[in-house]
Amino acid sequence: MIQPLEPQHFNDVIELGNLVHGNGYLDRASLQSIVDKGNNNGINSCFVAIESGRLLGFRLTYAADQWPIDPWCTPNRWGVNQTQVGYFKCNTVASDARGKGIGGLLLNAAIGALKQQGAIAGVSHLWQQSPHNSAVRYFTKAGGVLIKEHPDRWNNTLEHPDYNCVLCGPSCHCVACEMLLIF
């Protein structure tokens, strides 16, 4: 069911990502860039969940020291060397597949890959407005701790210039919960 994200999965990942997060969240170029940042020493830290040929979810992850520390990161509060911290970019599960533990399985696969790459922790910005705040809940259950809340994290960013939030529209005011998970 859980396997490394490969180019043959790109179309389905883009479709699901844009459906769940909003149009403009992913395109082929941005997804390729993310996957490139997730590979280190021949180890891929991005994964998909597939059942009966259908994509149920995906986890996008950057390898430690291969992602930009941006203004929405607070490394002085992490308590670990930032060069040893991976970035959990996105965990997305199809609406009809939620509640079955797929998000946790994808997270565990990414943690295993990050450990093999030499990371000791991972940080993420969790979507506080996710349905039933499920993003923050599942990450907390996995051992993640809140570092800081960042309103407007996804509003008009260079990373997603054409993003259209499923809740807010083109001017996203959702809160990103910066959370750290030490392995």
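E51 stands opposite R54 in β5, and that pair is where I'd like us to start. This is a predicted model, in which local features need pLDDT of at least 70, side-chain atom pairs count only at pLDDT 80 or more, and totals for chains, interfaces and linings use all residues. Residues are numbered from 1 along each chain as its sequence is written, and side-chain values use heavy atoms, with hydrogens and water left out.

Back to our strands. β4, residues 47-51, pairs with β5 in the antiparallel sense over five bridges. Strands here are DSSP E runs of at least two residues and helices are H or I runs of at least four, numbered from the N terminus; two strands pair if DSSP finds at least two bridges between them. The two strands make a hairpin with two residues between them, and S52 in that turn has a positive phi of about 50°. Further along, the bridge partner of F47 in β5 is R59. F47 also looks the other way, because P4 stands opposite F47 in β4, and β1 and β4 are joined by three bridges, running antiparallel.

How enclosed is β4? Four of its five residues are buried, so β4 is largely enclosed by the rest of the structure. Buried means under 20% relative accessible area, exposed means over 50%, and partly exposed is in between, with a 1.4 Å probe and protein chains only.

Let's zoom out to the sheet. It is open, with seven strands in the order β1-β4-β5-β6-β7-β9-β8, and the pairing is mixed. Which strands stand at the edges? They are β1 (2-4) and β8 (145-151), each with a single partner strand, so one side of each is left without a neighbour in the sheet. On average, neighbouring strands of this sheet are turned by 25° against each other, direction ignored. For angles, axes are lines fitted to C-alpha atoms, for helices over the stretch in contact, and the values run from 0 to 180 degrees between N-to-C directions.

Now the helices. α1, residues 10-21, lies across β4, β5, β6 and β7, and runs at about 85° to β5. H21 belongs to this helix, and H21 is buried, at 12% relative accessible area. Its side chain makes a polar contact of 2.6 Å with that of T92. By polar contact I mean a pair of N or O atoms within 3.5 Å; within protein, one must be able to donate a hydrogen and the other to accept it, and residues adjacent in sequence count only if both atoms are side-chain atoms. Leaving aside residues up to four places away in sequence, H21 touches C90, T92, Y163, N164, C165 and V166, where contact means heavy atoms within 4.5 Å.

Next, α2, residues 28-38. At its start, a side-chain oxygen of D27 reaches to within 3.2 Å of the backbone nitrogen of A29. The buried residues of α2 are S30, L31, I34, V35 and G38. They cover an arc of only 135° around the axis, which puts them on the same side of α2; the arc is that of the directions from the helix axis to the C-beta atoms. Those residues pack against α1, β2 (39-40), β3, β5, β6 and α3.

S45 is buried, at 0% relative accessibility. Its side chain reaches the backbone oxygen of G38 at 2.8 Å and that of T61 at 3.0 Å.

On to α4, residues 134-141, where A135, V136, Y138 and F139 are buried. They cover an arc of only 170° around the axis, which puts them on the same side of α4. On the other side, R137 and K141 are exposed. What covers the buried residues of α4 includes β5 (54-62), β6 (85-93), α3 (102-117), β7 (121-127) and β9 (175-182). Just after the helix, G143 takes a positive phi of about 110°.
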